[in-house]
Amino acid sequence: MTHQTSPTHATAYWTTAKEHGELRTEDLPAPGPGEALVRTLYSGISKGTEMVVHAGAVPPRVAQEMRAPHQEGEFPGPVKFGYLSVGVVEEGPEGWPGQRVFCLNPHQDRYVAAVSSLTRIPDDVPSSRAVLTGTVETAVNALWEAGPRLGDRVAVVGAGLVGGMVATLLRTFPLERLQLVDLDPGRKKLADILGVDFAHPDDALADCDIVFHCSASQEGLERSLQLAGDEADVIEMSWYANRGVTLPLGEDFHARRLSIRASQVGVVARARRHRRTNAGRLNLAVSLLKDPVFDVFLTGTSPFSELPGVVQDLADGNLDALCHVIEYPGDKTPETPETPENAENPAREDQR
């Protein structure tokens, strides 16, 4: 353990009531054995899940299952929620101080966590890009769940952050075809950067071996069933929270013996559960972020002091984003320096 004087207070974002959040100061404990003090550099807003929390829409029946790893408080609030945090270790066991780390931690400028919950960030992954680690992990789990095979025909319905991540990982697979499907024609820019075929739902190709549904809409799930081939799988990645969904199960689903399987990142996919751990899955996810193509998902930056307003703007639809990054005050020297390869990203400013 290093012998520094630990700060005694931290500032964190709390959802205090339905559609209301604020920054609160709280006591910060000194790190104990096996723990580290982390100073946050960046955090990312998980637009889908965090907007559900902001709206107070987490169903009580699954409130415990939907807790974030380092959550404090209870749904609907006050609750400290979030899980895309990147920082640098200021104090900790030997070998940890100075390390850049990803942690499934809420939005907070400093925090103390067990080193076992920290994921080291490779030197060639910039800190701001590393906030995507948790979302890449979600996509990795879905691919483990689905098990795509050589020559498969695959559709990803919903070109938001999660759907885009799934398509990004699949683009290097030896598939017969891969389509990213969305109602918004503006998402074609994202597909073009990823090198993936884009299609409006009406024009998407059917007879798929696997369909990943990521649109969080009833219409998207209905279309996913139509795109799936006989006895094919629809991997449901959307979380509907407290919204009801009605499906025409008397049509494609029953007649063509389709399967809908949930993919949720809380546990390792069954196909890998006996041979992989959550920590190993996170290490794999952060290693994949060496590819600068992931920068296309970082669609805006705001200072930590503005976080309550940013969350409200996202909820109101005044701010459109894939992953909005929150920047924390302080020295950013732990950031990996930009290289010509990752300095330019033509879609960073205008990609939705």
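Guide: The account below treats the cavities and their linings in turn. The model is predicted, so totals for linings use all residues, whereas local features need pLDDT of at least 70 and side-chain atom pairs count only at pLDDT 80 or more. Residues are numbered from 1 along each chain as its sequence is written, and side-chain values use heavy atoms, without hydrogens and water.

A search of the whole structure returns 2 cavities of 30 Å³ or more (sets of 1 Å grid points, over the protein atoms alone, where a 1.4 Å probe fits but cannot get out; lining residues have an atom within 4 Å of a point). The largest cavity has a volume of about 70 Å³. Its lining consists of Tyr13, Thr15, Glu50, Val53, His54, Val79, Phe81 and Val311. Two or more of these residues come from each of β1 and α1, and α1 gives the most, with 3 residues. By class, this lining holds 5 nonpolar, 2 polar and 1 charged residues.

One of the lining residues, Val311, belongs to the buried residues of helix α8 (residues 307–316), together with Leu307, Val310 and Leu314 (buried: under 20% relative accessible area, 1.4 Å probe, protein chains only).

The second largest cavity has a volume of about 30 Å³. Glu222, Leu225, Gln226, Pro248, Glu251 and Asp252 form its lining. Helix α5 (residues 218–227) supplies the largest share of that lining, 3 residues. In class, the lining of the second largest cavity comprises 2 nonpolar, 1 polar and 3 charged residues.

Terms used. Buried < 20%, exposed > 50% of the residue type's maximum accessible area, 1.4 Å probe, protein only. Helix = DSSP H or I, 4+ residues; strand = E, 2+ residues; numbered from the N terminus. 1 Å grid on protein atoms, 1.4 Å probe; cavity = no way out; pocket = protein on both sides within 12 Å on 5 of 7 lines; lining within 4 Å. Points joined across faces, edges and corners; volume = space filled by probe spheres on them. Nonpolar A, V, L, I, M, F, W, Y, C, P; charged D, E, K, R; others polar.
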